[in-house]
Amino acid sequence: GGYRGYTDMIHLVMEWLRAAGTEQEVVVQKVVQYLTNAVKANFDAAKADTIFQAAGAVEPAWLATMLQSLETRKLIYQLSEEHENSLLLNYAVQRIASDGHWKEIIEHGGKGALYAACTSYPVFCHILRETLAEVCSDSSVSEFAQVPLVRTFVARTEFCEHAFLYTQLLLRNL
């Protein structure tokens, strides 16, 4: 059969580690790290997209559960860098952003996560507003010290045409 019992095996190993005296927090951290590495090594975007599309218009319950965890969201950001065209990952990033984690996407997400998030106009506006606030926040900072902030600003707006054009129009009208 197809059942391998991975969940049961993980719970058993966790129990062994706790029985050996390892603190619960360390056990959970090690398991999360192992699973993160395993997912990164074995993720197949085509298979994931097929499963996601099979759900139809209904969001799978497992996805909502995954999006509640910061560690899982970070994994989604990392995977979205490698698999920029994955429907599942793009949808997940958009959901993360719509749940209000757009600052997290700025901090942990790379170009792929930003692109997926910014296909939503309200999310793009939040990210643009946050980025402009960073650049303009401290007028006492020398122009030289602001160069990294300006580079960050450019990096957050150049990843797709509509974001770049909208930003150019906004700055022109300021």
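Which residues line the second largest pocket? They are Tyr6, Met9, Ile10, Val13, Met14, Leu17, Lys30, Val31 and Tyr34. The model is predicted, so local features need pLDDT of at least 70 and side-chain atom pairs count only at pLDDT 80 or more, while totals for chains, interfaces and linings use all residues. Residues are numbered from 1 along each chain as its sequence is written, and side-chain values use heavy atoms, with hydrogens and water left out.

A pocket is found on a 1 Å grid over the protein atoms alone: it is an open set of points with protein on both sides within 12 Å along at least five of seven lines, and its lining residues have an atom within 4 Å of a point. Grid points are joined across faces, edges and corners, and a volume is the space filled by probe spheres (1.4 Å probe) set on the points. The second largest pocket has a volume of about 190 Å³. Helices H1 and H2 each give two or more residues to its lining, and H1 gives the most, with 6 residues. Helices here are DSSP runs of H or I, at least four residues long, numbered from the N terminus. By class, this lining has 8 nonpolar, no polar and 1 charged residues. Ala, Val, Leu, Ile, Met, Phe, Trp, Tyr, Cys and Pro count as nonpolar, Asp, Glu, Lys and Arg as charged, and the others, Gly among them, as polar.

The largest pocket holds about 900 Å³ of space. Of its 29 lining residues, Leu35, Val39, Met66, Thr72 and Leu75 are the closest to its centre. H2 provides the largest share of the lining, 8 residues. The lining divides into 20 nonpolar, 7 polar and 2 charged residues.

Two of those central residues, Thr72 and Leu75, are among the buried residues of H5, along with Arg73, Ile76, Tyr77, Leu79 and Ser80. Buried means under 20% relative accessible area, with a 1.4 Å probe and protein chains only. The cover over these residues includes H2, H4, H6, H7 and H8. The 13 residues of H5 should span 18 Å at 1.5 Å a residue, and its end C-alpha atoms are 19 Å apart, which agrees. The expected span is 1.5 Å times one less than the number of residues.

Ile76 also belongs to the largest nonpolar core, where Ile76, Val93, Ile105 and Ile127 touch the most other members out of 30 residues. Such a core is a set of buried Ala, Val, Leu, Ile, Met, Phe, Trp, Tyr and Cys residues joined through side-chain atoms within 4.5 Å. H6 gives the largest share of this core, 6 residues.

Technical notes. Buried < 20%, exposed > 50% of the residue type's maximum accessible area, 1.4 Å probe, protein only. Contact = heavy atoms within 4.5 Å.
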